[in-house]
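Please read this briefing with the sequence and the 3D view at hand. The points are grouped by topic.

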Amino acid sequence: MVSNLINTKDLEFLLYDVFQAQKLTELSFYQDHDKGTFDGVIATAEKIATEYFLPHNSKADANEPQFDGHKVTTIDEVKVAWKHYSQSGLLAARHSYEDGGMQLPAIINTACVSYFMSANPSTSGYPFLTSAAANLINAFAADEHKKKYLPAMFDGRFSGTMALTEPDVGSSLGDLTTKATPQDDGSYRIKGQKMYISGGDQDITENIVHLVLARIEGAPQGAKGISLFIVPKVLTHDDGSLGEANDVKLVGLLHKMGYRGTTSTVLQFGDNNQCQGFLIGEAHHGLKYMFKMMNEARIGVGTGAAMIGYRGYLESLDYAKNRPQGRSVASKDPNSKPLNIIEHTDVKRMLLAQKCFVEGSLALCLLAARLVDESEVGGDVDSGLLLDLLTPVVKSFPSYYGPKANDLAIQVLAGAGYTKDYPVEQCYRDNRLNPIHEGTHGIQSLDLLGRKLWLHNGKGQQLLLQKIQQTLTSAKSKQPLTVLVAEYQKYLDLFIKTTMTLGGALQKGEVEKGLANSAVYLDMMGKIVVAWLWIEMADKAIDVFDKSDSAEDQQFLAGKLQAAQYFIRWELPKVEHQANLLQGFDETCMAMQADWF
């Protein structure tokens, strides 16, 4: 079934045929589950997303949160959506039964998330940030803080945020100036300002648990001197009841191009020198702890970008199937019946590109979630290494190509797409945030090329190439894929050569030269990885649907094969130009002088 949120057949195919989610029940932590319970949780998520998130998506966009100088006001529908989400148990879905969770695999949780992000990314931001903050507290905080905050976060009384960025410090967190002063009772006084804090204030929950990066007085400069603190909006007693307001002040709300239903805030901590914070883990290790939440958020951002793109794709697909306009270029009869625009080749091109970008992106995000399960619950070290390597790609590919898909969706609708009568223009505006937050494309590329590729003597690279070769070995034996596999292998070899060339420069200490075009490399690797996943999807689709008598199954198979062909013939060849730039260490951008602009 194709809904306006996601193609259910595509999701089920990815979960159970491509990534074998049902096999996770062989792990003891998931042994109480089966495919039936997985499907039941996903169906619940779809129902809540459809009934309580989707209907107010455009209303929340048109009626963004307001701040009167004293309190923030959101529309009532956001509060109702939060209530149904929290009552469903999804806030604690991945946690143990003892902690009130469902012990749900990450890949199934990601499938649930997909529905909410497609339906209403702005309202979805509140529960997703809360879950990520709770996961961090559960992993690193002292037992007393877990007992104090987690039950209230899991049942929806409290929400959570991450407070990293400062007005004069963007991605360069080592330069942050927020201070933490130790007190006799073991707490700290926090003083500083943070901005772009999503969900930093709202009227949805009783309390907000901020996770704040700050530097303890006397700590070393740079990233190694950063610590992480729990800073509640309202001080909380040991039994979870509320005390007096903490010294956390909302300075103002930021007004955004998209994602307008989620508050984006500027917060002042310690305006009266009375802001209490509580250290998480060891002093000076805050960035390490925060990266757990950031990496989770990066996969979440990738998923959100994929699903906003997916929503736009399905909307434009539905429009193209039902919008009559024009005739075949070979038709000479003005009295003939107009064709639905999906019959025009250029519209097919735009829809194929969208399909490739969004279905490939969803596969990429589900792969990452599967690796989370294998590494965190299954204890598979190799899966953890591969996940670390792929995280910049998982964040960046959907964030780069999701908005491109939304741009094409608008183009398919033409003038109608540029109006608020259809949701595709909002999808475009909402999705434009995803290339920015949780680390820009440039930041992710430096992390990938400057660090992730070479960790553990390049073991992550080896693991990736092994998985790719397994897919190619299976696929090349299937007649519909033989030529595509050969084409892919050519570009894979080029990618490997490029990686070795850049690695050689970095090994010789030519860091600036080697990293100058890192953003190009990240995009190149994204294309290689997603093209691999398209071959994997095509290979599995042949296995599952080739002998089916169902017309629907045959259409699904044909669609996957055609999309794989499109991506490898239309998108993948672009890596040849990228390889030329990278292997030649092109200096066009690096050599440009500021005064020449």
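This is a predicted model: local features need pLDDT of at least 70, side-chain atom pairs count only at pLDDT 80 or more; totals for chains, interfaces and linings use all residues.

Residues are numbered from 1 along each chain as its sequence is written, and side-chain values use heavy atoms, with hydrogens and water left out. Helices (H or I, at least four residues) and strands (E, at least two) are DSSP runs numbered from the N terminus. Buried means under 20% relative accessible area, exposed means over 50%, and partly exposed lies in between (1.4 Å probe, protein chains only).

**Nonpolar cores**

- A nonpolar core is a set of buried Ala, Val, Leu, Ile, Met, Phe, Trp, Tyr and Cys residues joined through side-chain atoms within 4.5 Å.
- The largest such core has 136 residues, and Tyr488 and Met525 have the most contacts inside it.
- A second, separate core has 31 residues, including Ala92, Leu164, Ile226 and Ile230.
- Apart from neighbours within four places in sequence, Met525 is in contact (heavy atoms within 4.5 Å) with Leu389, Leu390, Val393, Leu448, Leu464 and Phe495.

- Helix 1 is mostly covered, since 9 of its 11 residues are buried.
- Among the buried residues of helix 1 are Leu11, Phe13, Leu14 and Leu15.
- The buried residues of helix 1 pack against helix 2, helix 5, helix 8, helix 9, helix 16 and helix 17.
- Helix 17 runs over residues 551-571, and its end C-alpha atoms are 29 Å apart, in agreement with the 30 Å that its 21 residues should span at 1.5 Å a residue. The expected span is 1.5 Å times one less than the number of residues.
- Buried residues of helix 17 include Asp553, Phe556, Lys560 and Glu571.
- The cover over the buried residues of helix 17 includes helix 1, helix 9, helix 10, helix 14, helix 16 and helix 18.

**Salt bridges**

- The structure holds 33 salt bridges, each a side-chain nitrogen of Lys or Arg within 4 Å of a carboxyl oxygen of Asp or Glu.
- Asp39 and Lys35 form one of them, with the closest N and O atoms 2.9 Å apart. Both residues lie in helix 2, 4 residues apart, about one turn of the helix.
- Asp39 is partly exposed at 27% relative accessible area, and Lys35 is partly exposed at 39%.
- Asp238 forms a salt bridge with Lys148, the closest N and O atoms being 3.6 Å apart. This pair links distant parts of the chain, 90 residues apart: Asp238 is in the loop between strand 8 and strand 9, and Lys148 is in helix 7.
- Asp238 is exposed, with a relative accessible area of 62%, whereas Lys148 is buried at 9%.
- Arg157 and Glu206 meet in a salt bridge of 3.2 Å, N to O. Arg157 lies in the loop between helix 7 and strand 3 and Glu206 in the loop between strand 5 and strand 6, so the pair ties together parts 49 residues apart in sequence.
- Salt bridges that share partners join Asp10, Lys355, Glu359 and Lys560 into one network.

**Exposed residues**

- Trp596 lies in the segment after helix 18 and is exposed, with a relative accessible area of 58%.
- His577 is in helix 18 and is exposed at 52%.
- The C-alpha atoms of His577 and Met524 are separated by 9.7 Å, and the two residues are 53 residues apart along the chain.
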